[in-house]
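Dear colleague,

My findings follow directly after it.

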Protein chains: 2
Amino acid sequence: MASSLLMSRRDLDFLLHDWLGVERLVERERYAEHDRETFDAVLDLAEQLATEHFAPLNREADTHEPHVGEDGRVVQPASVKAALAAYTASGLPTSVFDAELGGMQLPFVVHQAASSWFQAASIGAFAYPFLAEGNANLLATYGTPEQVATYAEPVVAGRWYGTMALSEPQAGSSLGDITTRAVRQDDGSYRVTGTKMWISGGDHELAENIVHLVLAKTPDAAPGTKGISLFIVPKWLPADDGSVGERNDVALVGLNHKMGYRATTNTLLNFGEGLATPGGRAGAVGHLVGEEGRGLTYMFHMMNEARVSVGAGAMALGYTGYLHSLEYARVRTQGRPLDRKDPTTPPVALVEHADVRRMLLAQKSYVEGALALVLFCAHLVDESRTHPDADAAREAEQLLSLLTPIAKSWPSQWCLAANDLAIQVHGGYGYTRDHPVEQLYRDNRLNPIHEGTHGIQALDLLGRKVVEGGGRSLGVLGARIATTVEAARAAGGEPAAYASALGGTWDELVRVTGVLWEKGDPALALANATAYLEAFGHVVVAWLWLEQLVAVGSAQGRFPDGKRAAARYFYAVELPRTGPVLALLASLDTTTLDLDPDVL
Amino acid sequence: MASSLLMSRRDLDFLLHDWLGVERLVERERYAEHDRETFDAVLDLAEQLATEHFAPLNREADTHEPHVGEDGRVVQPASVKAALAAYTASGLPTSVFDAELGGMQLPFVVHQAASSWFQAASIGAFAYPFLAEGNANLLATYGTPEQVATYAEPVVAGRWYGTMALSEPQAGSSLGDITTRAVRQDDGSYRVTGTKMWISGGDHELAENIVHLVLAKTPDAAPGTKGISLFIVPKWLPADDGSVGERNDVALVGLNHKMGYRATTNTLLNFGEGLATPGGRAGAVGHLVGEEGRGLTYMFHMMNEARVSVGAGAMALGYTGYLHSLEYARVRTQGRPLDRKDPTTPPVALVEHADVRRMLLAQKSYVEGALALVLFCAHLVDESRTHPDADAAREAEQLLSLLTPIAKSWPSQWCLAANDLAIQVHGGYGYTRDHPVEQLYRDNRLNPIHEGTHGIQALDLLGRKVVEGGGRSLGVLGARIATTVEAARAAGGEPAAYASALGGTWDELVRVTGVLWEKGDPALALANATAYLEAFGHVVVAWLWLEQLVAVGSAQGRFPDGKRAAARYFYAVELPRTGPVLALLASLDTTTLDLDPDVL
């Protein structure tokens, strides 16, 4: 297959097989039907579909933003629907689901690797199946058998799509303040009324139906997050035969006009306030999932996977931007190297300039580091679900929980930085819509915002994850890092030098964590939580670069040499950035905590 | 006047008067007609015009991108032309020009401060007068009296606009490789043929004529930059009575479709290859400016001011984004502080969250630091031109030359970072086109690219500016910094502590500069030039924050407290970032220099 500018299959194979050894997963009962060949076939299929159906529509879907037609329906380019139909026809929507739901029971890590092709090709179009998967996954876990059959199975099959309807105009990061109401009816169903904001895929004509999973409060609910319940609210009420029946009282109020990510409709939805409903129902018909008051718990149980996938999307945008700018830098000529300025000599390729190589190598260190991070976390999802040793499974779950805010935030920050560099490599051309990199930059800017902002990830990491169980998860990660450090020391040379740097920085990070919490004052401990998140992320990715170096071993050739170069860059330029950040944290700096906002 | 979300007049007044003491400039003959009142009146006028005419069109001009109509003319919203007409009618286009050209002879620093209102309101629309000013300035300096009368005076008056036509499709950063040809005719004029790319304001219907200043090579020119000459090539040939005569052979080939900055047309132009020219001339009619072969020298003589103004534009975009996000953070409520989580209490304003205050304070430290930087440099322009002491004037010129790459690159990097934070403060709303911050972010992304990319600024600083005259300019800056450090030490308290940090970092920067050039190997010295540029910029802005602290003195109140808080942030968070960067430079790291591009 010709080399692609979406993702690197070579890198995916290296990480999945040479590093993570995902083939060993087929020893587990859940994955026993699979082998390396089926994994490879899925990746081949993903690359082919992404290249042929998704990549070609990406610019069109950006230029022709969704709008509401005169009939009130959402209008989008036909290419989006056609690509999604091809995806559905391929069977890939069923990848991670149980066989009894019609699923392939693929490992999550293989599915994540396959999805990265689509995220790189058109993150906006791929958001529909991505959201549907999370939706069906949640229902498959917490729904009744009837709910699963009625609502999850059509989504798994790719006939329906689904949303997560959490935010409201006045409540985004603070979900405890939602005001959407759900009132129980005599027949056990609920009537839902309220307004939901930022609902991705909240309306469209891409599927027969849309299953909204809606957070709402019952009339006697406790204040705050403990009063939140979760409801199934379909756009169309299913008829008894499983087909689509009459319209539920869910109305599209408006589409948000975004900087990027435009293939995905993003909506303001009214529940129970929009349409005149047949039968005079007051509110949209909803069905409780699980128990009242546990809505956020259910939602957050799916959050690890959702957030890892958001990080994967950011990574994929960064990865394809890197490959495009690398290609451009090899083809485009400009100027001469600094030690050969003779203007009568022909200009050289951009890649001959050290500063351009810097911009490429930085991108490589970010996007390949991010890919290692998201695949590692995706593999932890599989380990936590299927490891035969209960302790090992629990440890994987703890590690996943700790690393989730990193997997979400680090690629969102640094693969956006990669897109910035990809533009810069292109010069003025990169600022135009004639090259894909400007769209990637706009698309990627969403990722630090949705599924929990950067700041929320920081509070999750420092306020919750590192302190849970007396720092148990931190200990698990520390043990893993120590193992890598030991292996790298044994390898000698550069890996050994990096091992010392990593070990020292990790020890300092752990010490700083203790200092921050010494007084048990959350406001003080969390005052610089974002700085902590960012330093922690850099340490984790430095560790994963060392892991990759160890996996590369003494192999010769361009690919291993590329890994060595990127690791060298990360240890020379990136890891040292954490020094002043950790020092700031250790000093318990209160510059922003004590700041009187009136002086701003 | 009601508080504006464009710029802060309070801050401008503080920097212009309390800090720089620009009123003293009226003691110079050139500015003798002025006083504080005329300076104030210009700033009042700028704020009013920018608020009433430019700010309201900014989103419309973004949404309705320029396009070519059926008649081949450029179509833009009428509001752009109307705003520019109001600007022309105000007389502001004449600000910096000599009285004999119809100019106001305002100090450049006052003009720059006034311009910042327009750059904040609509950087795209203001680009036309901005480009015209540079164009007329160059002609006024190097043109013959006849050229000045024919081409510069209509531009000064605001009737015509002008461009700088340097780049070509194959030659952007590497101007020595341009291929546009100019052939001398018997009448002393030239015929220009070639294609120019990225020409901002290269075509439009906003003025009676467009004066292109075109870099081209004569047939027998030397290779490289030494063979470049500068030509006046008007869109319409002036008639003998000074009116617009017949069309010159300059054709619009296409408009570039940009990520932002859309009110400014950006064009691909053909000279001498587009239209059938009356009289059968082969090529566009051009007139040589000055002498053959000196084109780039003339162009670069204007470069300091142009680059400072680009930095000012980046600053203004950052500044207005900061003010918008501050306003939003004061009005929008969400969640509760970390030490008061009770969900029955009402939500608080965003600004009550420490992490939001961090994002605001970081922006403040970037945008106010950048404003100080660009005004300091603009003041150096005035000092270098008018200081009665020849040594002092020369010193100002040296300092300006040294600081120009910083004034261009630092705001382009960090005020874009400010725009990124302004979006983040807004959450999802910041990602939509319903709030101005998303456009600011897109507009600002141009600034690290045009007028010399970030990497080119780095080569200019480390490869030329710091080594010129054996490091003479570096010595001048060092002496200024030493004076500030001394004053801050005398002040005691926080300023004294920052003085130590600044002094130490400056000494290290100077030492590192020596280490880099020790072997006299440009490729080695410049291998990490961008890292050097970025560290140098942070040190300079840290210095200017200390300058501001010293100027604030012991004043009490919100404004001085705000300056103290931003300075505290810069010294706590930002200056320490230079530590690992200087260490990298000192190690003569060759990671990117030695990198084999084939392994990427």
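In which helix of chain B does T513(B) lie? The model is a predicted one, and in it T513(B) belongs to helix α14 of chain B, which covers residues 493-517. T513(B) counts as buried, because its relative accessibility is 6% and the cut-off for a buried residue is under 20%. Apart from neighbours within four places in sequence, the residues in contact with T513(B) are V466(B), L474(B) and Y532(B).

I turn next to the interface of the two chains. Here 89 residues of chain B are in contact with 89 residues of chain A. Between them, the two chains bury about 7,400 Å², and carbon and sulfur atoms account for 61% of that area. Of the area that chain B buries against chain A, 12% is supplied by M259(B), Y431(B) and L600(B), more than by any other three residues.

Charged and polar pairs also link the chains. There are 8 salt bridges between chain B and chain A. E65(A) and R433(B) meet through their side chains in a salt bridge, with an N to O distance of 2.8 Å. Residue pairs in polar contact between chain B and chain A number 47, counting pairs with both residues at pLDDT 80 or more.

On the side of chain B that touches chain A, helix α17 (residues 558-574) of chain B gives the most, with 8 residues. The residues of that side of chain B comprise 41 nonpolar, 23 polar and 25 charged.

Yours sincerely

Definitions and conventions:
Residues are numbered from 1 along each chain as its sequence is written. Chains are lettered from A and ligands numbered from 1 in the order in which they are written. This is a predicted model: local features need pLDDT of at least 70, side-chain atom pairs count only at pLDDT 80 or more; totals for chains, interfaces and linings use all residues. Side-chain values use heavy atoms; hydrogens and water are left out. Contact means heavy atoms within 4.5 Å. Buried area is the accessible area (1.4 Å probe) that two parts lose on being put together, summed over both. A salt bridge is a side-chain nitrogen of Lys or Arg within 4 Å of a carboxyl oxygen of Asp or Glu. A polar contact is a pair of N or O atoms within 3.5 Å; within protein, one must be able to donate a hydrogen and the other to accept it, and residues adjacent in sequence count only if both atoms are side-chain atoms. Helices (H or I, at least four residues) and strands (E, at least two) are DSSP runs, numbered from the N terminus. Ala, Val, Leu, Ile, Met, Phe, Trp, Tyr, Cys and Pro count as nonpolar, Asp, Glu, Lys and Arg as charged, and the others, Gly among them, as polar. Buried means under 20% relative accessible area, exposed over 50%, partly exposed in between (1.4 Å probe, protein chains only).
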